[in-house]
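Hello,

Here is the structure we talked about handing over. My notes follow below it.

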Amino acid sequence: MSSYLFKRMFTMIITIFGVSVLVFMIIHLIPGNPVNHILGDYATEESIKELEMRLGLDRPILVQYFSYMFQAIQGDLGTSYITGYTVVEEILNRIPITAQLALYSIIFGSITGIIIGVVAAVKKNTIYDQLAMVLALIGISAPGFWIALFLILLFSYQLSIFPISGYSGFYSLILPSITLGLGTAGSIARMTRSSMLDVIKQDYIRTAKAKGAGSYRLIFRHSLQNAIIPVVTLIGMQFGYLMAGAVVTETVFALPGLGSLIVSAISTRDIPTVQGLLLFMAAMIIIVNFVVDLLYTKLDPRIQYE
Amino acid sequence: MNRKRFVVFMMFIDFLLIVSGCNRSKETDANKGKDREVVVGLVSEPDSVDIHRTSSTGEANIPLYDTLLKLDNDGNIVPNLITDYEVIGDGKEVIFNLKEDAVFHSGKPVNAEAVKLSFERLISSSPFSTNAGDIDSIEVLSDYSFKITWKDQFAPFFINATTPFLAPLDVSVLNGEGEGFEKNPSGSGPLKLVKINRGDSLVYEPYKDFNWESQKPGFDSVKFRFIPDEETRILEFKKGNVDVLLNVPYQYIEDLEKDSEVTIKRVQSDTLSYLGWNNKQPIFQDVKVRQALALAIDRESIIDNTLNGEAQAVFGPLPKTVFGYSEKIETMARDKYTRDIDAAKKLLAEAGWNETNKDGVVMKDGKEFSVELWVDDDPANQRAAQVIQNQLMEIGVKINIAVKESATIIEQTPKGVHEMLLWSYGWPDADVLNFLLFGKDKSKRLHYENEKIYSILDKAAIEMDQEDRSKLYEEAQEMLVEESPFIPLYVKENVTAIRNFESFDVHPINNTIEWTSVKVKE
């Protein structure tokens with residue numbers, strides 16, 4: 001187990017390093033630079049040069065990269081060119097909202113998806129199965145901004161149950177979490193159904209049934225527990241999707257999270273903020289997937305890491 | 001999962017629901033806010049509240065600052081923090097006198113020393129330091145009097161001093177590195193910052209020591225909420241959670257006007273939208289081609305089809321609200337460039353574009369007149385680009401629309417890699433013709449070269465007599481109308497929707513909320 005952990009940690013570091021190179025390359029390759037944004041239309045050639053020097057953008061690209069990484073390793077992700085806040089400060093300010101949003105979405109998506117998937121598998125080829133799969137398909141394919149506006153119009157504007165936008169505690173995150181979690185629920189429902197159908201065909205299920213196991217025990221104890229491994233893998237992978245989805249959801253619901261921060265940072269070419277955020281998000285996704293891998297051993301004792 | 005665990009899990013879900021119920025009641029109370037709270041809905045958050053750092057001034061950071069001079073409702077420069085000034089000799093030196101009762105939010109007086117320190121920080125750290133001109137020295141003459149000496153005369157200083165970029169701020173709140181204003185700002189404007197909720201809102205209270213023009217402030221607090229999504233912003237206003245909606249999207253105005261509780265305020269913007277091109281490209285070298293393009297444009301059709309009629313057509317280089325505007329020039333340009341397709345086709349033919357291919361595109365030496373038009377991702381601008389595309393096609397000019405991010409257009413156009421662009425500019429003084437549009441080595445987007453115009457604009461920038469200065473700009477504009485290096489199109493109406501106010505004014509020239517006039521309905 002410890003050698004496995006060591007190997008995984010090593011690959012995680014390599015992956016984060018790879019991501020940092022990629023992010024750095026992309027942000028410097030796209031047209032537009034922060035100096036032009038800051039100085040706008042009224043810049044002179046001297047003021048552009050002076051600001052580039054002040055921000056360190058006049059240095060060779062490799063020097064910029066290594067100096068950035070040297071500081072990043074020490075926990076300093078730099079200071080925003082635009083706002084003057086440190087990137088760590090910006091992340092710490094906004095992470096609670098995005099983290100809550102991701103957590104509630106995962107909880108909503110997993111519970112809804114597993115229930116729909118189980119119903120579809122147990123009631124295979126019935127109207128319930130077809131209805132469940134249509135719902136799953138809608139969840140996967142409906143665009144986030146459309147779902148968000150639909151939910152706002154119905155539950156906030158017409159029925160006045162939830163606030164329309166902004167952050168004011170758990171209650172204000174319910175609609176955003178549903179918006180973000182619907183896609184996850186759809187994917188999980190489909191995966192749960194197919195995984196359950198594989199398990200239901202197994203001999204041990206027939207044996208359990210022959211021994212008189214009740215339907216509740218048969219479904220949840222014998223079938224779902226064995227079918228859950230691919231579903232858990234999918235939940236881990238959905239974390240990346242949620243980070244991307246948060247960009248749209250936070251914009252529509254005016255939530256001050258990481259998603260809305262990255263949108264404004266990209267449009268202003270705020271290099272330290274974009275780099276810092278992408279690096280942070282990549283690290284989070286890698287860590288979540290690592291935790292998911294470790295969870296397998298708890299869910300299925302037959303799985304051992306040597 | 002056994003039955004016991006399942007029950008525990010369901011209890012957890014119940015707990016979450018109960019918590020959510022509690023939060024809801026809290027939220028409802030919070031929404032009530034203070035009795036006379038004004039909630040303003042804005043699209044985006046300013047980069048910074050520090051005027052020496054930000055590139056985006058707007059309603060959410062402007063009220064922190066009081067300006068040295070100000071514009072009255074007719075656009076005249078009048079005293080504000082500066083009561084009077086005296087131009088000495090050839091105009092390189094000016095003595096300014098400050099009023100003696102102005103106080104920063106920190107409680108310190110706005111005196112000559114504070115203004116000097118503020119200018120020094122502006123010059124050393126602001127990207128907009130050029131707005132102060134090339135300052136040689138600032139001398140404190142007494143507590144409330146100071147002298148600025150420029151290396152060359154700088155006539156635009158007085159109009160620039162009406163903008164918050166040159167407004168004094170209290171540098172004593174800064175730390176050793178000259179930073180920290182972001183978290184502890186101190187200007188002398190009508191609103192004092194109470195709280196920054198990054199990404200969400202800025203909360204202000206009326207500053208008690210501000211000159212409220214013999215009245216008490218008509219509100220207790222102001223919250224600027226940043227709601228980037230258009231639909232969400234409108235719904236918040238319709239629901240009553242937002243009292244002031246700035247920059248109302250044009251498609252919603254009609255709907256809001258039907259609501260008897262809502263008042264719509266319209267103020268003409270000082271930002272001129274124009275159709276420009278890279279004048280260095282061979283295709284635009286012939287003045288007849290440039291004039292033909294101008295004659296093919298129907299501004300009213302663009303305004304009606306893309307902005308629901310909420311804009312004013314402009315034919316001359318400067319809009320009405322800008323110093324240097326001339327009614328004579330506007331009329332002249334209108335007479336010359338009111339849409340005339342036959343005249344435009346004739347001019348194109350005279351310029352050698354007299355063949356037409358099977359698609360109806362004019363050709364010269366076997367090459368068709370086809371150019372790429374850059375436009376940003378604003379939906380209204382994209383619709384305008386489509387109307388322009390159709391209008392120019394009527395004279396056989398083919399336009400290929402390319403949508404680009406603003407950051408890309410800002411970076412790429414000074415390099416001259418573009419052909420045509422739909423863009424805008426906004427500045428309260430005609431010096432914008434010099435430092436942005438047509439000055440020597442300053443024509444970043446239009447790349448226009450004309451020695452005569454350079455010389456007139458340079459003279460105007462150092463002419464301290466405003467009447468003579470105005471005449472010089474008129475001369476320059478007359479040449480620009482004839483040369484047609486770009487096509488001015490329109491200035492949009494800035495539309496603000498308000499609800500529950502006894503009084504609420506927006507400044508007719510600089511488009512900002514006049515906080516001294518704001519009074520919430522009791």
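How many salt bridges does the rule find across the interface of chain A and chain B? The count there is 3. Please keep in mind that this is a predicted model.

**The interface**

One of these salt bridges joins the side chains of Arg94(A) and Glu45(B), at 3.9 Å from N to O. That value is inside the 4 Å cut-off of the rule. Another pair is Arg269(A) with Glu405(B), whose side chains meet at 2.7 Å, N to O. This pair also crosses between chains. Arg269(A) lies in the loop between H11 and helix H12 (271-299) of chain A. Glu405(B) lies in the loop between strand S18 (398-403) and helix H11 (406-412) of chain B. Over all chains, the structure holds 36 salt bridges.

Polar contacts between chain A and chain B come to 7 residue pairs, with both residues at pLDDT 80 or more. On the side of chain A that touches chain B, six helices of chain A give two or more residues: H2 (34-39), H3 (45-55), H5 (87-122), H7 (144-158), H10 (215-252) and H11 (258-267). That side divides into 25 nonpolar, 17 polar and 7 charged residues.

In contact terms, 49 residues of chain A meet 53 residues of chain B. The buried area between the two chains is about 4,400 Å². Carbon and sulfur atoms give 55% of that area.

**Confidence**

The scores are ipTM 0.84 and pTM 0.85. Chain B has an average pLDDT of 89, and 93% of its residues score at least 70. Among the elements of chain B, helix H6 (residues 287-295) has the highest mean pLDDT, 97. Helix H1 (residues 3-32) of chain B has the lowest, 46. Over residues 17-33 of chain B, pLDDT stays under 50. For that stretch the model has 10 contacts beyond four places in sequence. Where pLDDT is low, the predicted coordinates should not be read in detail.

**A sheet in chain B**

Chain B also has an open sheet of 3 strands, in the order S14-S15-S16, with antiparallel pairing. Strands S14 (355-356) and S16 (367-368) of chain B are the edges, and each pairs on one side only. S14(B) is joined by 2 bridges to strand S15 (residues 362-364) of chain B. Within this pairing, Glu355(B) stands opposite Met363(B) in S15(B).

Best regards

Notes
Residues numbered from 1 in each chain as written. Chains lettered and ligands numbered in written order. Heavy atoms only, no water. pLDDT = per-residue confidence, 0-100. Helix = DSSP H or I, 4+ residues; strand = E, 2+ residues; numbered from the N terminus. Contact = heavy atoms within 4.5 Å. Buried area = accessible area lost by both parts, 1.4 Å probe. Polar contact = N/O pair within 3.5 Å; in protein donor to acceptor, adjacent residues only side chain to side chain. Nonpolar A, V, L, I, M, F, W, Y, C, P; charged D, E, K, R; others polar. Pairing = 2+ DSSP bridges.
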